[in-house]
Structures are given as C-alpha cells and as structure tokens.
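Okay, hi everyone, thanks for coming. Let me put the structure up on the screen, and then we'll walk through it together.

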Amino acid sequence: MGRRRRREDRAAGALPEAIAALSRSLPAGPSPEIFRRAKFDRPEAAPALWQLLFRVLSPLATDKTGATLVPEFQVRLVKSVLRSQGYPRSVLAQRSEGNSQSSRELLLALSWLLARGPLLEQLLAQSRVQLGDQVSLFESVVLARPGPPASCMEIEGPVDLHQVQWLMGKLRIRWRQLLSSQQEHCSLLSKIHLYTCGSHSHQRFSHLSVAETEMLRDPDNTQQLLQALECENVRLEAALEWRRCELVFWQWMDTVLGACTPGAPAVPSQPLTLPVIPERGLGELELVAWELQALQEELQEAAEPRRAAWEAQVSSLGRGPEWITARKTLQETVEQELTALQRSWEQSGGPPQLQRPHRLVRSKDGTPGPQDLQAAEMIRMLRTQEASLDGSLRQLQDQCQQELARLAGTLPGLIWILAPGH
Amino acid sequence: MLPAECARRLMAEIQGALDACSERQRQLERSLRVSRRLLRAWDVDPESWEPAGTPIPEPPPGSETKEEDPAPACAQSLQDLKELELLTQALEKAVRVRKGMSSARQRDRTPSLTSASTVATAGTTASAPSQASRQAGNRASARPTKGTHQAMDPAKNLPAHKLLSVRSKTPVGAGAGTTKHEPGLRDQQTTAPSAPPRTTEAFTLKEKGTLLQLPVAFRKAVSKNSRLWAQLSSMQTSDSTDATRAAKAQFLQKLQMVSGSSRPSAAEIEAEARSLRKACALLRLRMQEELSVAPADWMEEYRCLLTLEGLQAIVEQCLHRLQELQAAVMGGLPEPCAAGKATQASLPCGGKADLSWSPQLLLYSSTQELQTLATLKLRVAMLEQQIHLEKVLMAELLPLIRTWEPQGAPWLALCRAAYSLLCQGGERFLTILRDDPAD
C-alpha cells in the first residue's frame, strides 16, 4: 500500500518536474502552473503561452523585442507561422485576435511543435554560443534567394528598362565590393590565427579564434561570453532532464486533447480572412511551371519527328523474335535509367555533413579527424559547382539570344551589331 | 516603359538581391572592424588586465614588481613608473659619464655622483613644464642619489639590471596608460638622448599573441558545454525510449484526426518547388545529352526515341504535380510572412536537421587557400543569384517583346536593352542599324 502510494506520489510529482525542465530549456518558459491552467483553458494562462510561442517560432525575437512588440503582432505572427508549417488545427486561426482566449489551443500547438521534431535541440542549436570562426558552405542559398519581396514597394512614375539596367549595374558593383572585403577579411583572419598559435589547449588545433581573442582583449567581453555559456549550459541540462522524463508529459497531453474534443468539431478548411495574394509562393511556382512548359515544348519538337521516322522505318526491319526481345530489353533499360534520374532529384540536396557550420582552423599538417573537411577538397568541389552554374547561365543566355534573334529576325532591314569581344 | 505590374515585380526582385548583398557587406564590415582592432596595439586598461600566466622566459621579477605591477591605484603606478624612468635615465647617464670620465681619474666619486645627479635633475627640470613631471622630478631627484649610489658599485650591477628589467616588465597596461595620461613624460624621454630606446610596449598580437591564455573559468565552461552537447546528441541518436516515441506519434495522430483535413504547408510547397526546379534542370540536361549524340544504328535510334518520350512523360507528371500545388496555394493558403520564411529555414519540417554534434573543423593551410575558398563561395552565390535574376528577366521581358508592336522605336529600344540584359549580363550593348534600301 505504502509502496503504491509512493509511486503515485512520485508520478504526481514527475509531471511538474518534467514541465519545469521543459520550461527551463525553452526561452521564456512559463511555470508549470501556467501549463496546468491552460489545460482547463483558463484565460490567464494565454499571454504567457503566446509569448512563448512567439519566442519559439520567431528566430529574431529576443528578450528585448518581445517586450516592446505589440501583442497583436505577436499573435498574428504565431498564427501565420503555425499555418505555414502545416498546423492542422484551424480553431486557433479562426478565433478572433483576442489575446486572452484559447490557452488550451496554445498548449496543443506547443505540443504539436514538440512532438513533430527535435524542437528543443533545434532552438538550442540556433542560439548556440559560437566560439570559433564559423564557416558554412551552403549559406549561398540565402544570398541567392532574395528576401520576401517588398510588396508594398512604391514605384514612382513609370519604370524604364534603363532603371533596371542601372540597378543591375549597381548589383555588380556591390558584388565586387563584397569580394574585395572578403579577401581582406580572410587575410586578417589568417594573421590572427598565425599570431595566436600555441595559445589554445584543444587537442587538434592550437590557435585562437577571433571571438576568443576579442574576449581576451576586452574583459567585459569575457564576462558576456561566460554568462552566455553558463545560460546555455543550464538550458542544456534542462533539455537532458526533459528528454529523460518526457513520457509523463505526453500521457498528460492525451488527457488535454481528450478534454478538448467535444468543443472543437473538425472544421473543414475554408478560405481564411487574410488576403490571399501569395505572390512569393505563386511566383516561384510560376517560374518552375514556365520552365517545365518550355522543356515540354522542346521535347515534343525533338520526339515527334523521330517517332514519325521510326514508324516509317519499322516496317522495313522485319519482325523476328530477336527483334521483339531486343525492343523489350531496350525499353527496360530506358525505364530503369529514367527512374534513377527521377530518384536523383527527390533526395535532399547535398550531404548533410556539409550543411553544418564548421570551425575554421589553420593547420599545416593534414591530419583531419573523421568529420573534418579540408579546404583543398572544398575548393575542388566549389570549382565544379561554379563551372556547372556558369554553364547553366551561359545556356540561358544562349537561349535568350536565339529567342531574340527569332523575334527580331522577322523584321527586315535591321542589322544587329554585337559588341566586340563577344 | 514597362507595364506597372511587371515593373513592380522586377524592381522588387532586384531590390531584394541588392538588399541581400548589403546585408552581407554589413556583416563583413563588422567582422573586419573587430579583426582590425585585434591586430592593432591593444588599448589595455591597467587595472583589469591580467598578464597571461608566466610564460615569459625571463627571471621572475622580484617583490618590487609585484608591488608595482597592476597597482590598485592607477596614479600610484604611474608615479612609480615615472620614477623608474628617471632612475634608469640617471643610471644610464651616470654609467656613461663614469666611463667617459675614467680617463680623468682625478675626479672624486662624489663629484661624479653629484654631477650625475645634477645632470639628472637638470634633465628633469628642463622637461616639459607639466606639473606632474615637475613633481616627479622633485621627488626623483632625491632618489637618484640613492639609486645611483647603489648602481655605481660596479660589483653590484644586479640592482641596475633589476630596475631595467622591471622597467621592461612594467605592466604593459601602464605603458599604454602613460601614453594616455603623460605625454609630457614621453617627450622628456625622447628628448633626452641618453634615454634608452624605449619601445612603446603596447600589446600587439604579432609579438605576443602566442603568450595569450584563455581564462580558467572560461575553459571550464567550454568543456562543460561540449560535454552536455555530446550527451544531448547521443541521447537523440540512440533514440528516446520506444514508449516515448509511441506516445508522441499517438498524440500527433489524434490531433490530426480531431482537427480535420491537412493540406500541404507552405514550407512543403516551397520544398517541392525546389525539387521540381532541380528536376527540370536534370531533365533538360538529359535531353541535351540525347540530342547531342547522332544515333549509329536503329537500336540507338530506338533508345533515343524511348528516352525522349520517357522524359516527356516525366515532365507531364511534374507539370501535373505543379498544378496541384498551385491549386493548393490558390485555395486559401496565405503567404507566410517574413518571419515564417526565416523559421522555415531554421526549423525544417519534420526535423530533418542533423544534430549530431561532434567537433567539426575546416582545415586550411595558407592565407591563399582561405582566400580562394572564400572567393569561390561568393562566386557560387553570385552565379546562383544571377541565374535566378536571368530567369525572372526572361519571364518578364520576353513575353513583352513578343506582344508589343514591332518596328516602333520603343520596341527596338526594348529589344536592345533586353538583349544586353539577357544575353550579356548587362555588361555590353549592341548597336542596331537600320538598313534602308536605297530607293
């Protein structure tokens, strides 16, 4: 009897502890009491949960911005991000913008995010204290895709193509500036690494990074870094504790969901009140559609005459049994090749190892660890990538040239003189 | 003139590209500022600077230095420094005078002493009329007699050496501090020809970078940090218990069932669009491969035909999928806002992020290599942006050219500008000559 009582007590105590661990590992985590109140959909629990979701879903939010931002903005952002992540419950979105409602829904949203993936680890990795000179090899994606378009951009007066040309020229200059600044940065980094050789006690490299050297130069910096590290350590410990005892939480969330069901019937997705001008998303899809359609036309142009020629030829080739088997084998090989081709773009791009940031380290002797990259190898890889991108750009340009020639060729009496050096 | 919609889209895209560039430039300049500052002489605060351990291979200075080294009161250390300066000056001078006067052996030691001391005081009083230095001069004048008396003893050169080494080991902070507070003293030093060549002794990374050491507290925190990360990632990869995973899956399923239909999220749509784009590029490449090879016999011909038709079928499928996506987008899935975009990048749906934490290094061996690597990275990014812009321009401009009235002057201007933008990357222009047949 006593033992069962103790087990129950332990179970009863385990839940608040688990939730407390969860809170400690999250930024702006509320107390376990808030969670309990949210289960019963109490309004006073809502603001804290809105704040938490805002901090979790918006990577730009810090303590400072959270306080100054208007709550409505937080609410709208949370709703919008949840929607874009595919959160199935539409109850949250359909309620009015009241801040004090739907604390239970918020709790469900949080649990959904936690259950889907390693949210805690991702958050911690995002805000991780970086001590080394980090280099990430696939950040180019961020640069290439321009940010969300300024859809409220005011165009004064009619826009001429000259303006476009001018802007493109401006872009070219900025790139050149970027390249030269980057060169200088590299040489400075290299010097710092060289001069501080022998100061670091790591087993595989011996020089300091810029962050570490800066810390030594400015003692205030040391304090800041230390504090940040200690905060992170606290959160890491909390995350470990959470991982050990999270089962209790999921069992409890089942009950929350149970308490929820009668009040929220399955609502079919209706067009929502927000304006639907998905310019960005549609623009992207449109571009791809346009490309695919162009490709389709080209394939058609290439395949149809060949098919006609083939049909004409077939009759003269006889129909022995080897003929049939030969055709069959050919068909099979082609099918295999094409399925392999199809699979190749369905895989995620790039080996995952290359997507994480690496610490830049200067070392004369090449004794790389299992997960280390060598600059020479990366250079080779980047060179091939550069060559292929260059090829695609030229191909596009050639395509344009042909198209323009075709369009302008309809006009007699015009001579097109290309610039020299082409 | 461009139609408004088209213009707005174009400008928005190009402006976005420009902004992305500027942002990167800003970040670079921030890092450059920090690095440049690190490579200059460090401006160290004498009170709080901790000398990095004792890696300096010199005889550990005596107790004098301990008292003079980061003294709690800045002023006191400055005073001491000044006095030391004057002392050493006087010593040097005295040694030289003594040597010079060894020929004139008639002189008594005391007169030489006094002359040395008078020289010293003369030197000090002839200094810049800053009050502090005069004070120091007055005080120092009392000292040199003691000091020089000691130093005069040829057998006991040690104190002199000690003082000299003390001077060179004076907290570099104080050295930098004196540059701030006592320009007068500096002048005095440089004017007095007997002054030993004194380097500014400010801390530069070049000379003393190898002597730096990370503070102990920091190192402990870092090792704890790495330990915790390793634990966390091993816990993730070795999987939480099956019960937990089952509980989570069950919860998700229940939530899904209770909440109604699911449609693809914007994040997923974006991912599909990306993969379709890749598909298009690969298909096109394959098509070109097929078309570039002339078939040798009927088998090759047949294979080529089958491949082309197979590619056609795949493109059909892709287009179909694309239409489905477009329908989903039109059917009420609003634009994810800016923050949502950024979140998508950082929270890949389904948790595909690989979080196994283990120290990962990128090793380089020379400045040249690092620069090449960075340049190539930037060039790849630049090419990707250029390709994207090229596609956007093509999609906007070519339809315009097709639909406009040919033969008009504005149309020709459009053609010319489009040619330069699309075919030459905006770098070169072509000339159009109207060739009127002679009537």
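Let's start with a sheet: four strands, open, in the order S1(A)-S2(A)-S1(B)-S3(A), with mixed pairing. Strands here are DSSP runs of E with at least two residues, helices are runs of H or I with at least four, and both are numbered from the N terminus. Two strands pair if DSSP finds at least two bridges between them. If you're new to this, strands of a sheet pair through backbone hydrogen bonds, either parallel or antiparallel.

Quick housekeeping: this is a predicted model, where local features need pLDDT of at least 70 and side-chain atom pairs count only at 80 or more, while totals for chains, interfaces and linings use all residues. Residues are numbered from 1 along each chain as its sequence is written, chains are lettered from A and ligands numbered from 1 in the order in which they are written, and side-chain values use heavy atoms, leaving out hydrogens and water.

Now look at where the chains meet in it. S3 of chain A (residues 373–374) runs parallel to S1 of chain B (residues 361–364), and two bridges join them. A:Leu373 has B:Leu362 as its bridge partner, and A:Gln374 stands opposite B:Leu363.

Okay, zooming out to the whole interface. How many residues of chain B are in contact with chain A? It's 200, and they touch 212 residues of chain A, with contact meaning heavy atoms within 4.5 Å. The buried area is about 20900 Å², 69% of it from carbon and sulfur atoms; that's the accessible area (1.4 Å probe) the two parts lose on being put together, summed over both.

There are eleven salt bridges between chain B and chain A, each a side-chain nitrogen of Lys or Arg within 4 Å of a carboxyl oxygen of Asp or Glu. One of them links B:Arg36 and A:Glu184, at 3.0 Å from N to O. On chain B's side, helix H15 (residues 367–403) gives the largest share of what touches chain A, 32 residues.

A:Arg24 sits in helix H1 and A:Glu241 in helix H12 of chain A, 217 residues apart.
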